[in-house]
Amino acid sequence: MQATAYTYDPESRSGQVLLDDGTPVPFDAAAFDAGGLRLLRPGQRVRIEVEGAADAPRITLVTLQTL
């Protein structure tokens, strides 16, 4: 699934992404660390993996979107 980085706090390594429908979804340090990233800037396109119900998704991985 793709999203756009919305917020990112480098101290906590957590933040939020915006889904393509504009829904903000938070991610925690574990999801950020799973993607192997060192930094994330608002506006970057990212690939995310989620689990859980559609009305309460939990992001398990955040990484940069590549072609």
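**Exercise 1. State how β2 and strand β3 pair, and describe the hairpin that they form.**

Step 1. Strand β3 covers residues 24-27, and β2 pairs with β3 in the antiparallel sense over four bridges. Two strands count as paired if DSSP finds at least two bridges between them. Helices (H or I, at least four residues) and strands (E, at least two) are DSSP runs, numbered from the N terminus.

Step 2. Opposite Leu18 stands Pro24 in β3.

Step 3. The hairpin of β2 and β3 has four residues between the strands, and Gly22 takes a positive phi near 90° there.

The model is predicted: local features need pLDDT of at least 70, side-chain atom pairs count only at pLDDT 80 or more, and totals for chains, interfaces and linings use all residues. Residues are numbered from 1 along each chain as its sequence is written, and side-chain values use heavy atoms, with hydrogens and water left out.

**Exercise 2. Identify the partner of β2 in strand β1, and the two faces of β2.**

Step 1. Strand β1 (residues 2-9) pairs with β2 in the antiparallel sense over six bridges. Ala5 stands opposite Val17 in β2.

Step 2. Four residues lie between β1 and β2 in their hairpin, and Arg13 in the turn has a positive phi of about 55°.

Step 3. In a regular strand, side chains alternate between the two faces of the sheet. In β2 (residues 14-19), Gly15, Val17 and Leu19 make up the covered face, while Ser14, Gln16 and Leu18 make up the uncovered one.

**Exercise 3. Determine whether Ile59 is buried or exposed, and list what Ile59 touches.**

Step 1. Ile59 belongs to strand β5 (residues 58-64).

Step 2. Its relative accessible area is 1%. Ile59 is therefore buried, a class that means under 20%, with exposed over 50% and partly exposed in between (1.4 Å probe, protein chains only).

Step 3. Leaving out residues up to four places away in sequence, Ile59 touches Val17, Val25, Pro26, Phe27, Ala31, Ile48, Glu49 and Val50. Contact here means heavy atoms within 4.5 Å.

**Exercise 4. State how many salt bridges the whole structure has, and examine the one between Asp33 and Arg13.**

Step 1. The search finds four salt bridges, each a side-chain nitrogen of Lys or Arg within 4 Å of a carboxyl oxygen of Asp or Glu.

Step 2. In the bridge of Asp33 with Arg13, the closest N and O atoms are 2.7 Å apart. This pair links distant parts of the chain, 20 residues apart: Asp33 lies in helix α1 (residues 29-34), Arg13 in the loop between β1 and β2.

Step 3. Asp33 is partly exposed at 39% relative accessibility, and Arg13 is partly exposed at 32%.
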